[in-house]
Amino acid sequence: MINGSKVAVYWVDRERKGTCVIIEHIINKNPFVTCFNVIRGFMTIKEQLNNLNEPELREKVIIPLFRVLGCSFIKSNCGRGEKGKDIIYRINHQIFKDEIFTAVIINNQKDINIRYITAIDNRLNRQRIQALENFNDPWHLTKTVKISELVLVTSYAVTDDAEKHIFKHWGINFPAIRIISGDDLANWIKDSIEKWDKGKNIKDQDYYIFNINNFRSFCEIITGDIINESIDNILTLSIT
């Protein structure tokens, strides 16, 4: 729908039906841009996540998003001596206030169905066993700690039979298993953006649209890690 210089389009992730954002300055800069081209120029959140390899998903999405969700103590653990832990984060127990450490294993190759999970079972199981080994607290290196929860993260789908397989085989001696799918990540990203938009009470043209190239900076604005960055450099609606 074109109304003057404004074009109303559905949210980039088309699962958020009925919610519109106003993409005004795109039309102002290029009057030949059509509503169709604006929509075509964007991928859904899930599509963008699926284009990432595991290091990109870790650094550009998971770590900054988890900080927004409340994980102040989180770090990449990839490299020599990682022992199965792609990411480590620490939170405090809500009641007892003791420190809880979680190891994150990332698998971002394809949809995780029963055929795929059984094919990579041995490799993932070795990684799981390593991840459960005690390790030095990254924030207090002289202190040895243990993992209290294990999280498997993917940007793809996880089928019900694959979930049952993981919980059955991984949870025999360690039941604290959590699986985070691409839908979970996309929903958390949308929720974080919506909360920020509402809290700022910003103008229509300043709505943030998810872009994998600036999402980390957007999260750092939310958490206060960036205080001098111009918001205009982050709230970009440019088509690539």
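A: The largest cavity in this predicted model has a volume of about 40 Å³, a volume being the space filled by probe spheres set on grid points that are joined across faces, edges and corners. A search of the whole structure finds 1 cavity of 30 Å³ or more; a cavity is a set of points, on a 1 Å grid over the protein atoms alone, where a 1.4 Å probe fits but cannot get out, and its lining residues have an atom within 4 Å of a point. Residues are numbered from 1 along each chain as its sequence is written. Local features need pLDDT of at least 70 and side-chain atom pairs count only at pLDDT 80 or more, while totals for chains, interfaces and linings use all residues, and side-chain values use heavy atoms, without hydrogens and water.

The lining consists of Pro64, Arg67, Arg216, Cys219, Glu220, Thr223 and Asp225. Helix H4 (54-68) and helix H9 (215-223) are the elements that give two or more residues to this lining; helices are DSSP runs of H or I with at least four residues, numbered from the N terminus. H9 gives the most, with 4 residues. By class, the lining has 2 nonpolar, 1 polar and 4 charged residues, where Ala, Val, Leu, Ile, Met, Phe, Trp, Tyr, Cys and Pro count as nonpolar, Asp, Glu, Lys and Arg as charged, and the others, Gly among them, as polar.

Within H9, the buried residues are Phe215, Phe218, Cys219 and Ile221, buried meaning under 20% relative accessible area (1.4 Å probe, protein chains only). Viewed down the axis of H9, these buried residues fall within an arc of 155°, so they line one face of the helix; the arc is that of the directions from the helix axis to the C-beta atoms. Gly224 follows H9 and has a positive phi, near 85°.

Technical notes. 1 Å grid on protein atoms, 1.4 Å probe; cavity = no way out; pocket = protein on both sides within 12 Å on 5 of 7 lines; lining within 4 Å. Buried < 20%, exposed > 50% of the residue type's maximum accessible area, 1.4 Å probe, protein only.
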